[in-house]
Amino acid sequence: LLANLVDTLATERFTMHVKDIEHDTLFTESIPNTGYTFAWAADNRTIFYTVIDDAKRPYKVYRHTIGNDPAADAFLFHETDDALWLDVYSSKSEEYIFIVSSSHTTCEIHYLDAHTPFEKFRMIHPRQRGMEYYIMHNGEKFYIRTNDNAKNFRVCEAPVRDPQKSNWKEIIPHRDSVMIEDIEIFKDHLVVHERINALEQLLIIDLTSGDSHYLDFDESVYTFWLHDNFDFNTALLRFTYSSFTTPKTVFEYDMDTRTRHLLKQYEVLGGFDPALYQTERIFATAHDGTKIPISLMYKKSLQKNGTNPLYLNGYGAYGASSEPYFSSNRISLLDRGFIYGIAHVRGGGEMGRLWYEQGKLFNKMNTFTDYITCAEHLIQEHY
């Protein structure tokens, strides 16, 4: 069976339909005014879905059984706080259903065994203003990424039988210099997406042996994007890698053998040769002693004599990071003697949560003085 959401008026109000793929037929019932997310129970007959309010905010969860009249669907949950968005989804293991109430700063999660869809959802931890937590399932454990007493997040595990916060056991502690951006779960592996010293890293943990290793990236300046790795029972991790000199490249990484297989690299027209260009990461010292990262790219033939034109980019707001990815638009500038740089100023997220907070509200001026500091440093160093 295939459930799908249809919007024919571009109103972001969906109607859910269910199709029998084997027989190429649609079920007669349809469910109007649904939100963006839904989840199948393990019986392949039950769907949990959200509906939206007048502000197009998902705010209620219902349960539907295939073949029944949607008007009789069971009402399960109502999010009354207008500041919170409601989602429902299944765990990657397909063993649990989660109802998540969340904003940018607060989270509350209820869970249900996907094999018992008519049982009652149970809460993991009640909402606390400013506390986020995100859940993944594996076997007898939930894995939890949380900012509870951890601005840059930490990772805990909890028993499925009783996952309340008092039973959370820390497995990756909070570190001031490391931002834990996300985690990804597999049957035998936990993948941790970290940001260390303004560079992204992938930590691979073998859940059977306890061994761990970081994925090696050969360049000094780069970025990557994890794909939607839907397969729980695999040791293959798929991601896209890019740098100033490397076009988007899709890799599949075997977490057991620690080998990487290139699946596709995006073509660059015009005879681009990455060997002609140099990349580096340097730091400028701000007025308060803070080291501000700068990512640079230029032709290897360039002379640091103080006469080169510089295109310096910078963005410091909303905790968003400026990633050093490949863009063919820059090549013509570099071939004419330009240096291209990114000033990773405060207000962004490159150095963790504190980096963001040091560039917002009454600290906002740091965003601008950091940028000026980076420009002056490049002049002083004769770039």
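**Figure 1. Contacts of I282.** Apart from neighbours within four places in sequence, I282 is in contact (heavy atoms within 4.5 Å) with I292, P293, I294, L296, H377, L378 and Y383. This is a predicted model, in which local features need pLDDT of at least 70 and side-chain atom pairs count only at pLDDT 80 or more, whereas totals for chains, interfaces and linings use all residues. Residues are numbered from 1 along each chain as its sequence is written, and side-chain values use heavy atoms, with hydrogens and water left out.

**Figure 2. The setting of I282.** I282 lies in strand β24 (residues 277–285); strands (E, at least two residues) are DSSP runs, numbered from the N terminus. I282 is buried, its relative accessible area being 13%; buried means under 20% relative accessible area, exposed over 50% and partly exposed in between, with a 1.4 Å probe and protein chains only. From C-alpha to C-alpha, I282 is 49 Å from L112 in space, and the two are 170 residues apart in sequence.

Figure 3. Strand β5 (residues 46–52) pairs with β6 in the antiparallel sense over 7 bridges; two strands pair if DSSP finds at least two bridges between them. F48 has R63 in β6 as its bridge partner. Between the strands of this hairpin are 5 residues, and K56 takes a positive phi near 65°.

**Figure 4. Strand β6 and its pairing with β7.** Because 8 of the 8 residues of β6 (residues 58–65) are buried, this strand is largely enclosed by the rest of the structure. Strand β7 (residues 74–78) runs antiparallel to β6 and is joined to it by 4 bridges. V61 has F77 in β7 as its bridge partner.
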